[in-house]
Amino acid sequence: MNPRLAIDMRYAAGPLSGFGRFAWNLIEGLVEIGPPAPLLLVRRPAQTIPEALAPATGLHWQIVDRAPYEPIGQLRLSRALAARGIEVLVSPDCFAPLMGSLKQVITVHDIIPLRCPDLLPRSAKGRFSPIWRQWLRLQVGMADQVLTVSDHAKRDIADMFPNAGSKLATVNNSVPTPPTVPPPSQRRPASGLLYVGRDAPYKNIVGCVETVAALRRWGIDVGLTIVGEPDPRYPGVGQAIQRLGLQEHVTITGHVDDETLARHYREASVFLFLSRYEGFGLPPLEAMARGVPVVASDRTSMPEVLGEAALLVDPDDGEAAAKAVRRILEDPSLFDDLRTRGLERASMFTKRRQAAMFWDAVSSML
């Protein structure tokens with residue numbers, strides 16, 4: 001049987017972004033449940049295919065050069081899919097081709113540049129938010145189905161783009177099955193705080209740095225490791241480290257490989273995630289899957305995603321996060337309880353579940 005549905009995996013070329021992780025986890029989940037129909041996956045010529053997918057049945061591949069957001073890339077994609085008789089195209093982002101007669105499924109992960117452009121002041125989407133708004137309105141209007149990653153994001157999109165209407169469906173992100181960790185009696189809080197993610201003002205990493213400063217003022221010997229590449233457009237984190245005299249207590253690692261990242265999780269006592277806005281918020285779930293207690297923001301999608309498995313605080317309350325971290329460090333029973341609840345919460349967000357939510361949303365189009 002020839003595939004009738006294609007998924008544009010060019011978003012997962014190169015170092016994995018949130019879009020790339022969403023896409024590969026989805027495909028691996030579909031393989032786990034057994035693809036209900038043959039799938040055509042579109043990739044770039046030199047794009048690496050995960051080893052787990054190489055022998056998978058029900059997967060077909062189509063090479064299309066150029067990026068999804070380039071006009072020539074969109075044209076080449078439309079022609080290639082038409083030649084193969086594809087009926088439905090799924091884009092893990094919102095740059096679906098503007099030409100052709102395919103049914104279109106787009107993914108809008110969040111609308112942060114439109115909801116709070118002041119938190120992305122130097123990004124292209126933030127600086128040109130009116131143009132970005134018009135592009136999204138066009139994509140949403142053209143799409144037959146619009147996927148997003150949380151019910152909070154779904155409400156946000158519907159509020160800003162009424163033409164989304166009944167097209168919207170939630171397909172959560174997923175994390176790997178939580179690994180085996182030492183039992184509570186063998187693991188007690190250390191003194192390392194951890195943040196993993198991109199560097200942007202809406203992520204409020206400055207708030208994480210200020211949390212360390214507050215704890216140290218209270219006589220608690222803690223440090224912070226920030227895993228991720230510094231963004232030269234936003235010097236606020238480095239300035240906060242200097243202003244608060246924390247040069248020897250805050251480490252910025254830049255990009256690290258998976259083995260090094262796993263070590264940082266093993267050495268962490270608390271994961272900090274004080275973001276002011278998230279469409280989903282995957283890093284805290286990944287920390288929970290590693291057995292690390294989480295202190296996170298109480299805004300946007302965080303309560304929905306993390307439930308009661310984290311301590312949620314106001315990210316703009318200067319001492320709220322520090323008090324929450326202090327509770328965890330000084331109460332081993334709370335540490336163990338949060339770790340147990342975190343592992344249970346993370347185990348809900350499997351690739352199989354993501355795949356099932358996806359297929360529920362798109363199967364009626366075939």
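Guide: N204 sits in the loop between strand 8 (192–196) and helix 7 (205–217); helices (H or I, at least four residues) and strands (E, at least two) are DSSP runs, numbered from the N terminus. This is a predicted model, where local features need pLDDT of at least 70, side-chain atom pairs count only at pLDDT 80 or more, and totals for chains, interfaces and linings use all residues. Residues are numbered from 1 along each chain as its sequence is written, and side-chain values use heavy atoms, leaving out hydrogens and water.

Visitor: Why is N204 called buried?
Guide: Buried means under 20% relative accessible area, exposed over 50%, partly exposed in between (1.4 Å probe, protein chains only). N204 has 4% relative accessibility, so it counts as buried. N204 also has a positive phi of about 55°, though it is not a glycine.

Visitor: And what makes T300 partly exposed?
Guide: Its relative accessible area is 22%, so T300 falls in the in-between class. T300 lies in the loop between strand 12 (294–297) and helix 11 (302–306), and its phi, near 45°, is positive in a residue other than glycine.

Visitor: How do you know that L75 is partly exposed?
Guide: L75 has 31% relative accessibility, and therefore counts as partly exposed. L75 is in helix 2 (residues 71–83).

Visitor: Which residues have the most contacts inside the largest nonpolar core?
Guide: They are I7, L285, V295 and F358, in a core of 89 residues. A nonpolar core is a set of buried Ala, Val, Leu, Ile, Met, Phe, Trp, Tyr and Cys residues joined through side-chain atoms within 4.5 Å.
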